[in-house]
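Let's take a walk through this structure together. Have a look at the picture first, and then we'll go from the overall layout to the details.

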Amino acid sequence: MLRIDIETCIGCGVCEEECTFAAIEVVDGVAVVNEKCTLCGSCVDSCEAGALSIEREEKAVQADLAKWSGIMIYAEFRHGIVVPVSFELLGIGRQLADQQKVPLSAVLLGSGLGNAARDLVSYGADIVYQVDDPALEYFTDEIYGNILEDVVLEQKPEVVLAGATAIGRSFIPLVATSLATGLTADCTQLAIRPEDGVLLQTRPAFGGNIMATIECPYTRPQMATVRPRVMKAAQEDQNRKGEIINYQPHPDRLQSRVKVLRNVLEEQDQINITEGDIIVAGGRGLENEKGFELIKQLADAVGGAVGASRAAVDSEWIAYPHQVGQTGKTVNPKLYIACGISGAIQHVVGMQSAEAIVAINRDSHAPIFDVATYGIVGNLFEVVPKLIEKIKERKG
Amino acid sequence: MNIIVCIKQVPDAKDVRLDPKTNTMAREGVESIMNPFDRHAVEEAVRLTEQHGGTVTVLSMGPPQAEAVLREAVSCGADEAVLVSDRSFAGADTWATTYTLGKAIDKVGPFDLILCGKQAIDGDTAQVGPGLARRLNIPYVSYVRKITGFENGAIRLHRLMDDGYDEVEIPLPGLLTVVKEINVPRVPSLKGKMKAKSLSIRTLNAEDIEADAGSLGLPGSTTQVVKVFAPEFKGERAMLEGTVDEQVEQLINKLEPYL
């Protein structure tokens with residue numbers, strides 16, 4: 001709980017201003033805390049009189065915290081390739097490992113892995129633990145979770161990172177719960193505090209309206225899933241040396257109660273929109289399915305993927321996997337072109353981290369212009385065809 | 001089929017923001033609602049019991065006011081409601097939450113299926129469903145978008161993946177987290193509303209669920225929020241002017257590095 005020393009408190013009100021949660025106010029010249037307090041500690045740091053402190057109950061710290069060393073990433077392998085976010089994890093993982101002067105390892109699970117482990121070494125892994133087994137052909141939470149848990153318990157890395165993909169977000173919580181440690185989802189920034197090796201995990205919350213930095217101070221490993229396309233991918237160096245270990249899982253650990261019968265790729269949706277550099281997205285302003293064709297043409301012209309607002313998906317102009325926003329996908333492309341999208345916050349939270357945002361909309365008051373890097377107020381049925389024509393001209 | 005649906009009362013996330021000047025959360029006019037994904041979980045549970053018999057129990061961990069979302073779920077077809085509430089639960093992260101929910105579900109009694117929304121819109125973690133399944137040692141499937149059958153004690157379903165979907169079979173008892181395309185939730189019926197109004201809600205506190213005090217709430221959490229701040233918006237903000245041709249020309253020049 002937050003302890004306020006009323007003798008020391010000078011009633012200056014700095015803490016009241018500092019508190020994000022309106023959990024503290026000055027009443028009759030002293031600070032008083034209410035039930036909204038989350039013990040975030042912002043006020044403690046702000047108090048010049050030193051009147052505030054946080055009293056935490058003695059927490060059973062895992063006895064061997066210091067024995068956990070090294071950075072480990074889970075390298076996702078699907079349909080014969082290593083998923084791009086894995087190389088981004090190697091990028092941030094390498095940085096953290098170099099800072100801590102510890103090895104960077106990768107866990108690679110699948111069936112028919114080929115040279116994937118060697119690629120992970122080229123992109124920065126010092127050690128790759130791989131399991132190439134027919135039982136891993138389809139993703140199951142249990143088998144993937146069992147193996148990752150076992151490797152973590154044997155190797156004791158201080159940090160474990162995975163991509164915040166459909167797979168990562170599904171089975172990493174199982175692993176963290178089995179290991180009785182903390183997990184932070186969808187991180188967009190990671191740093192290790194040099195003094196104590198604590199991983200500072202920053203992520204969006206409340207649909208992206210608020211950023212929060214989270215620590216896992218008492219247990220190891222410190223686990224996080226990382227949003228695709230946020231971290232910079234590692235540089236390839238085919239001369240890099242690393243060790244590839246064929247990990248042998250216990251046969252019991254290759255059993256899953258859940259059975260995957262088959263995997264279906266959605267025909268028109270083979271492009272995973274979270275992975276492209278450019279996304280062209282359309283919304284209600286396209287008016288109908290035929291109008292939406294314009295989006296596809298522009299996407300073709302710029303070599304981008306097709307995105308959509310919820311309104312366009314609900315109108316069945318395009319399938320759900322293309323939906324961007326709170327109830328769809330979160331994307332981080334270099335360029336996002338929003339056509340006929342008004343920019344409701346539910347949409348904006350899914351795309352606001354794009355490097356450049358272009359908005360084309362008839363309504364100059366549309367909220368999409370608040371997040372746009374470049375805005376064109378106009379009729380998209382005039383603007384977009386012209387844009388397609390000019391881009392084709394440029395590209396010859 | 002006896003189904004427990006875990007639901008959460010959340011602030012309507014689209015209205016929650018930090019005032020970048022004062023760094024405080026603007027809460028005026030922020031409504032408390034049932035987590036949107038949980039609505040779909042309730043609906044799916046009601047449909048399953050309509051087809052296969054059984055009962056739907058909605059369960060929510062939260063402050064006393066969370067009773068509102070439980071009553072709402074009952075008005076939409078749930079049979080029973082349980083509120084898991086205690087001051088000591090405050091500040092729980094997903095680890096402490098799954099512990100608490102697991103203990104509460106042990107008390108509520110046997111079930112065939114647990115349904116959860118894929119994630120709550122305040123935290124967006126998607127961790128509670130899988131974590132709870134682990135606590136209860138039952139199999140689970142995340143991101144379920146369609147239930148295609150129920151035979152010989154197993155459910156067949158489609159699980160949404162990044163590149164399509166998997167056809168999956170899960171034996172019961174088990175846990176599913178659902179995405180919104182699984183169904184269109186019904187609106188409350190008059191009969192449901194009457195029932196919701198009069199239903200007495202069972203309340204369980206820390207003692208009732210025989211929880212270990214050190215595993216609850218903030219003290220029982222493995223993670224801690226140490227800082228919250230407003231996201232930074234970057235980039236120049238330029239509204240392009242002129243005729244359509246001029247605007248398109250300017251835009252293409254600006255986009256040169258990306259094309």
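Helices (H or I, at least four residues) and strands (E, at least two) are DSSP runs, numbered from the N terminus. By that count, chain A has 11 helices and 22 strands. What you see is a predicted model, where local features need pLDDT of at least 70, side-chain atom pairs count only at pLDDT 80 or more, and totals for chains, interfaces and linings use all residues. Residues are numbered from 1 along each chain as its sequence is written, while chains are lettered from A and ligands numbered from 1 in the order in which they are written.

Let's stay with chain A. Its C-alpha atoms fill a box of roughly 70 × 65 × 40 Å along the principal axes. The chain splits into domain 1 (2–54), domain 2 (65–254) and domain 3 (270–395), with bounds that come from an automatic or database domain assignment. Taken over C-alpha atoms, the centres of domain 1 and domain 2 of chain A are 39 Å apart. Of the 396 residues in chain A, 52% are buried, meaning that 20 or more other C-beta atoms, placed from the backbone, lie within 10 Å of the residue's own.

Now for a sheet in chain A. Seven strands line up in the order β11-β15-β10-β5-β8-β9-β16, forming an open sheet with parallel pairing; two strands pair if DSSP finds at least two bridges between them. At the edges sit β11 (183–187) and β16 (243–246) of chain A, each pairing on one side only. On average, neighbouring strands here are turned by 20° against each other, direction ignored. For a closer look, take strand β9 (residues 127–132) of chain A, which pairs with β16(A) in the parallel sense over four bridges. Val128(A) has Ile244(A) in β16(A) as its bridge partner.

Which helix of chain A packs on the sheet, touching β5, β10, β11 and β15 of chain A? That is helix α6 (residues 166–178) of chain A, and its direction makes about 175° with that of β15(A). Such angles run from 0 to 180 degrees between N-to-C directions, with axes being lines fitted to C-alpha atoms, for helices over the stretch in contact. Helix α3 (residues 85–100) of chain A lies across β5 (71–75), β8 (104–110), β10 (159–163) and β15 (222–226) of chain A, running at about 180° to β5(A).

How do the two chains meet? Their contact takes 86 residues from chain A and 72 residues from chain B, where two residues are in contact if their C-beta atoms, placed from the backbone, lie within 7 Å. Strands join in too: β14 (residues 210–215) of chain A and β14 (residues 224–229) of chain B run antiparallel, joined by five bridges. There, Ala212(A) is the bridge partner of Val228(B).

Within it, β8 (residues 113–117) and β12 (residues 174–178) of chain B pair in the parallel sense over five bridges, and Gly117(B) stands opposite Val178(B).

How values were computed
Buried ≥ 20, exposed ≤ 12 C-beta atoms within 10 Å, placed from the backbone.
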